[in-house]
Amino acid sequence: MTASKPPHDESTTLDSTAHIMNRITSQLAGQLSRVSLDGRRRPEPPAPGPVPEVAPAGRTTPPPAPALVLVAHGSRDPRTLRTVTALVERVRELRPGLSVHLGHIELNEPLLPDALASLDTGEAILVPLLLSRGYHVKRDIPDMAAAAPARTRVAPALGPHPLLVEALYDRLVEAGWHKGADEDARGVVLAAAGSRDPESALDTSRTARLLADRLGVPVIPAYASAAKPTVQEAVRALTARGCHRVAVASYFTAPGYFATQCAEAAPWIASAPLGTHPAIARLLLHRYDQVAHPRGAGNCATSHKQPALAT
């Protein structure tokens, strides 16, 4: 007995034929879409690239902020390193999330070249913990920055600036300065480290004028070394002008040999070094922001491994 063939399903044949025709039509449409009206073949569309990371607000994630490298001079006096380290911590508290590092020009670890080497090829802004222009600000720090693998910019010295005057005034008040009937007989010696660079003395003189305006009494800048007058000479000059109460304002960032020597020469009161005063931490961040966000004019930072900023 011969096996019978299954009945032929015409609907299955039609569905299969329709599927084949749809595929042919789709392929033909795709090929025709690559041909322009003049018969030329259109270029292949570019492959989709990676999707940029998008912040929750719909903006692309900004690059990380440059690191802040606080550049201290260094000292054999252990109080100096403790003060500078505490100042670094205060800056970190004021700007959470900012990468803050410490480097020294000499005498203390870490030295500035080592601090910069730890950043590899990242970006950094160096802020000198120095109160005026001089050889360290003009030569030492820029030379070390230029030799580092990191992309660096150097901020100006801290002074002169009103925030320094705020700190100097508060330190004098802490030492015993107060308003009184004898203000006409008062004077202040602004005692600084000193430098052979005339621009350093110019910066210190400007700070002395700002402090004189704040106190309402005469202020004479004086120096522990390398420049004149000395603290003793400035005291004598104020005494000759009728100032019978002469205070010494310590224009040093941290305790040390020079600061102690100048304080001992005070005939009345002597203020403590600026140290970790909140205004100093704010000024360090201000100098950093001047370089990180220059907003055009007014920036005198030095740039390395990138175009110089406007001055």
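## Notebook: pairs, strands and burial

I began with F258, which at 31% relative accessibility counts as partly exposed, where I take buried as under 20% relative accessible area, exposed as over 50% and partly exposed as in between, with a 1.4 Å probe and protein chains only. This is a predicted model, in which local features need pLDDT of at least 70 and side-chain atom pairs count only at pLDDT 80 or more, while totals for chains, interfaces and linings use all residues. Residues are numbered from 1 along each chain as its sequence is written, and side-chain values use heavy atoms, with hydrogens and water left out.

**Entry 1, aromatic pairs.** I searched the whole structure for aromatic pairs and found two; the rule asks that ring centres of Phe, Tyr and Trp (its six-membered ring) lie within 6.5 Å, with planes under 30 degrees apart counted as stacked, over 60 as edge-to-face and the rest as tilted. W177 and W268 form a tilted pair, with 5.7 Å centre to centre and 45 degrees between the planes. I placed W177 in the loop between α5 and β5 and W268 in the loop between α8 (257-264) and α9 (278-292), so this pair ties together parts that are 91 residues apart in sequence. W177 is buried at 6% relative accessibility, whereas W268 is partly exposed at 23%. Y257 and F258 also form a tilted pair, at 5.8 Å centre to centre and 50 degrees between the planes; Y257 counts as exposed, at 59% relative accessibility.

I then asked which residue lies over the face of W177. R186 does, at 4.8 Å from the ring centre, the criterion being NZ of Lys or CZ of Arg within 6 Å of the ring centre and within 35 degrees of the ring normal. I noted also that the charged end of R214 sits over the ring of Y169, 3.7 Å from its centre.

I counted 14 salt bridges, defined by a side-chain nitrogen of Lys or Arg within 4 Å of a carboxyl oxygen of Asp or Glu. In one of them, the side chains of D182 and R245 meet at 3.4 Å, N to O. D182 lies in the loop between α5 (162-175) and β5 (186-192) and R245 in strand β7 (residues 245-250), so this pair ties together parts that are 63 residues apart in sequence. Both ends are partly exposed, D182 with a relative accessible area of 26% and R245 with 33%.

R79 bridges to D77 with the closest N and O atoms 2.7 Å apart; R79 is partly exposed at 34% relative accessibility, while D77 is buried at 16%. I also looked up E233 and K228, whose closest N and O atoms are 3.7 Å apart; E233 is partly exposed at 31% relative accessibility, and K228 is exposed with a relative accessible area of 62%. Elsewhere, salt bridges that share partners join R133, K138, D197, E199 and D203 into one network.

Is D197 buried or exposed? At 16% relative accessibility D197 counts as buried, and D197 lies in the loop between β5 and α6. Its side chain makes a polar contact of 2.8 Å with the side chain of K138, a polar contact being a pair of N or O atoms within 3.5 Å in which, within protein, one must be able to donate a hydrogen and the other to accept it, and residues adjacent in sequence count only if both atoms are side-chain atoms. In helix α6 (residues 198-215) I looked at L202, which is partly exposed at 36% relative accessibility. L202 and S132 are 70 residues apart in sequence and 8.5 Å apart in space, C-alpha to C-alpha.

Strand β3 (residues 123-128) pairs with strand β4 (residues 151-154) in the parallel sense over four bridges, pairing being called where DSSP finds at least two bridges between two strands. E123 stands opposite R151 in β4. The chain crosses from β3 through helix α4 (residues 135-147) to β4 in a right-handed β-α-β crossover, meaning that, with the strands pointing away from the viewer, the path from the first strand over the helix to the second runs clockwise. Strand β1 (residues 67-72) also runs parallel to β3, joined to it by five bridges. I find A124 opposite T152 in β4, and A67 opposite A124 in β3. Five of the six residues of β3 are buried, so I record this strand as mostly covered.

Technical notes: Helix = DSSP H or I, 4+ residues; strand = E, 2+ residues; numbered from the N terminus.
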